[in-house]
Amino acid sequence: MAPWTGLWGARAGAGAYRGTPVVVKMENPNWSISEISPEDAEDEDFLVSGAGAARRSRKGGRGKNAKQITWVLLLKAHRAAGCLASLASAAVTLGAAARRRVADGRTDADAGAPGSAGESPVLRSRFYAFIRAFLLLSLLLLAVELAARLHGWDLAASALALPIIGVESLYASWLRLRAAYLAPLLQFLTDACVVLFLIQSADRLIQCLGSFYITVKRIKPTLKSPALPDAEDPDAGYYPMVLVQIPMCNEKEVYQQSIAAVCNLDWPRSNFLVQVLDDSDDPTTQSLIRDEVAKWQQTGARILYRHRVLRDGYKAGNLKSAMACSYVKDYEFVAIFDADFQPNPDFLKRTVPHFKDNDELGLVQARWSFVNKDENLLTRLQNINLCFHFEVEQQVNGVFLNFFGFNGTAGVWRIKALEESGGWMERTTVEDMDIAVRAHLHGWKFIFLNDVECQCELPESYEAYRKQQHRWHSGPMQLFRLCIPDIIKSKISVWKKFNLIFLFFLLRKLILPFYSFTLFCIILPMTMFVPEAELPDWVVCYIPALMSLLNILPSPKSFPFIIPYLLFENTMSVTKFNAMISGLFQLGSAYEWVVTKKSGRSSEGDLISLAAAAPPRELRHHPKTGSAPSLEALMVLKEQQPSPKKEGKKQQKKHNRIYKKELALSLLLLTAAARSLLTKQGIHFYFLLFQGISFLLVGLDLIGEQVE
């Protein structure tokens with residue numbers, strides 16, 4: 001738009017106005033104004049004309065027009081006001097959600113609540129009482145310190161003065177007690193947790209260096225004997241008999257896409273059999289899954305439906321029952337996929353060949369990828385954790401130790417290795433880790449393929465994620481108690497025994513949740529009320545920031561979430577610590593299995609897997625020819641699929657809840673942050689403040705899926 005020469009333009013004559021015009025561009029009905037920076041105003045000659053340009057050149061650009069600067073400041077203020085308005089809107093929305101949550105009154109202590117299904121009610125109540133006691137104590141101490149400050153008591157003089165009466169005498173006694181007894185004890189606990197923290201950080205750093213070495217050297221598992229197909233007969237390659245199992249339980253949202261993906265595996269149909277292991281207790285779900293299996297049987301797929309009458313042992317019992325079938329002896333390998341996993345058609349071709357001429361190999365594990373990793377903040381934070389788990393932990397252990405924990409799905413086992421290790425056992429809720437440890441003790445080796453991915457879902461609600469994490473952290477402690485004698489008596493090397501006991505179990509499964517909760521949620525707030533015990537800044541800020549940076553490296557696109565990730569990991573330490581104690585001491589319902597809820601989200605790969613089940617022949621996908629229908633046609637096909645949510649019995653309503661432990665800890669941390677202001681603890685204050693806000697958001701269930 002040309003410069004406006006009306007009000008501010010140059011005019012002829014002696015009394016002409018010699019100001020600098022401002023370009024105003026009306027881009028939309030919202031009156032958007034293009035910004036003019038002072039630097040641009042110095043360099044652009046078209047903003048002034050005639051004598052104005054000459055004058056500015058003579059003064060070296062130092063003479064700025066006051067009206068121009070005013071416009072720039074106004075534009076800056078306009079932008080700042082927009083940002084503040086957005087923040088205010090977000091705050092109002094957050095406050096409204098918090099009010100609804102409080103007014104609703106549902107907590108994790110209610111019947112059928114998230115916490116009630118996965119942890120002991122006795123432990124839950126005692127743990128909450130413990131946190132509440134610390135909260136009340138911190139509030140009392142904060143009140144005492146505020147009173148001391150307001151009355152101007154000299155703390156050092158009060159502590160040393162002898163004939164003091166009244167409240168000052170009590171305060172002086174408290175200071176002497178704090179310095180003589182409480183501070184040494186708290187400092188000892190602080191130092192012990194710092195040592196554990198440093199050991200765990202060193203382990204994390206060594207793993208990251210191992211991952212970096214693998215990346216630089218481009219180390220990856222190689223085939224001992226390349227399984228190349230015959231040039232004249234593609235089916236004459238290495239195609240051993242493979243059994244594919246899909247265990248599921250009341251998972252109406254995902255059964256169709258998982259069955260379709262498995263039936264579309266690019267493998268000779270005569271050489272693999274699919275077992276759909278349905279443990280659903282809902283007759284409608286059973287009927288839907290049975291009909292889906294029958295539909296695929298009509299297309300020529302070798303697929304069977306199995307349903308147990310006695311549903312003992314959860315997933316382990318389901319797999320154990322399936323392996324007892326008489327026809328299993330005809331198969332050499334078994335691939336396992338959970339109900340929400342959709343393997344690519346070439347999955348078996350990229351995993352099974354590693355077993356050829358490698359008789360010591362017992363397991364080939366693929367990594368997971370997620371179709372809903374960008375759904376909300378909770379899924380983004382989970383993606384950071386799991387990317388580090390696969391990219392660093394699993395890959396490093398697989399390359400240097402030939403051992404890692406089986407992830408329970410997206411893996412191929414040699415059936416002989418399962419049988420020699422004792423088969424599936426129902427003694428813990430982590431049957432995958434159990435069979436992996438026993439196979440390792442029998443000398444079997446594992447391979448992790450970081451470049452082979454299998455798509456699945458992440459829990460989108462905090463309720464589902466909390467249940468999952470409770471099972472994942474209570475189960476290893478159950479297993480540690482049971483298998484420690486077997487590890488000690490085994491014939492494996494001393495180094496492997498050390499790795500299993502001290503690194504795999506104690507450091508990564510017990511010490512990590514213990515010090516995370518104790519150091520950052522209990523000891524740090526208490527040091528604010530007992531300042532004689534000190535926690536260095538590098539423990540509070542620098543090393544945790546470095547560890548978070550290392551964790552986020554495998555998923556660089558998640559770098560903007562590094563601070564929320566650090567805070568959320570400390571927040572989750574409450575659930576993990578509670579689960580660890582529950583599993584270690586076998587408290588309450590530590591052995592109860594809670595199925596993680598899925599939403600049934602589909603990716604482009606899921607749509608392609610539906611093509612083979614479509615009635616129109618032109619939509620079918622042929623694995624050998626590679627022909628595939630267009631994405632638009634597949635989208636139409638997906639929309640035509642019957643939704644299982646609309647069939648059968650009425651769906652149970654979902655609710656957001658208040659989590660009392662997290663809420664109490666948020667108040668404890670915010671109280672400690674207020675106390676830190678009295679002694680000007682800079683880094684400690686900011687950490688406690690933001691960590692308290694993080695606990696508050698989680699306690700009010702404002703992270704993850706929001707149910708209206």
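Mentor: Bear in mind that this is a predicted model. The sheet is open and built from 8 strands, in the order β3-β2-β1-β4-β7-β6-β8-β5, with mixed pairing. The edge positions are taken by β3 (303-307) and β5 (342-343); each has a single partner strand, so one side of each is left without a neighbour in the sheet.

Helix α9, residues 283-298, packs on the sheet. The strands that α9 touches are β1 (242-248), β2 (272-278) and β3, and the direction of α9 makes about 160 degrees with that of β3.

Now take the pairing of β4 with β7. Strand β4 covers residues 333-336 and strand β7 covers residues 411-414; the two run antiparallel and are joined by 4 bridges. Within this pairing, Ala335 stands opposite Val412 of β7.

Thr351 belongs to helix α11, residues 347-351.

A second residue to look at is Met323, in helix α10, which spans residues 314-323. With a relative accessible area of 18%, Met323 falls under the 20% cut-off, so it counts as buried. Under the same exclusion of residues up to four places away in sequence, Met323 touches Leu243, Gln245, Val328, Ile415, Leu418 and Trp424.

Last, a pair of helices. Two packed helices are described by the angle between their axes and the distance between the axes. For helix α12 (residues 377-400) and helix α18 (residues 562-584), the angle is about 85 degrees and the axes are 10 Å apart. That angle lies in the range from 65 to 115 degrees, which means that α12 is roughly perpendicular to α18. On the α12 side, the contact involves Leu378, Leu381, Ile384 and Asn385; on the α18 side, Pro564, Tyr565, Phe568 and Glu569. By class, the residues of this contact are 6 nonpolar, 1 polar and 1 charged.

Notes:
Residues are numbered from 1 along each chain as its sequence is written. This is a predicted model: local features need pLDDT of at least 70, side-chain atom pairs count only at pLDDT 80 or more; totals for chains, interfaces and linings use all residues. Side-chain values use heavy atoms; hydrogens and water are left out. Buried means under 20% relative accessible area, exposed over 50%, partly exposed in between (1.4 Å probe, protein chains only). Contact means heavy atoms within 4.5 Å. Axes are lines fitted to C-alpha atoms, for helices over the stretch in contact, and angles run from 0 to 180 degrees between N-to-C directions. Angles under 35 degrees count as roughly parallel, over 145 as roughly antiparallel, 65 to 115 as roughly perpendicular and the rest as oblique. Ala, Val, Leu, Ile, Met, Phe, Trp, Tyr, Cys and Pro count as nonpolar, Asp, Glu, Lys and Arg as charged, and the others, Gly among them, as polar. Two strands pair if DSSP finds at least two bridges between them.
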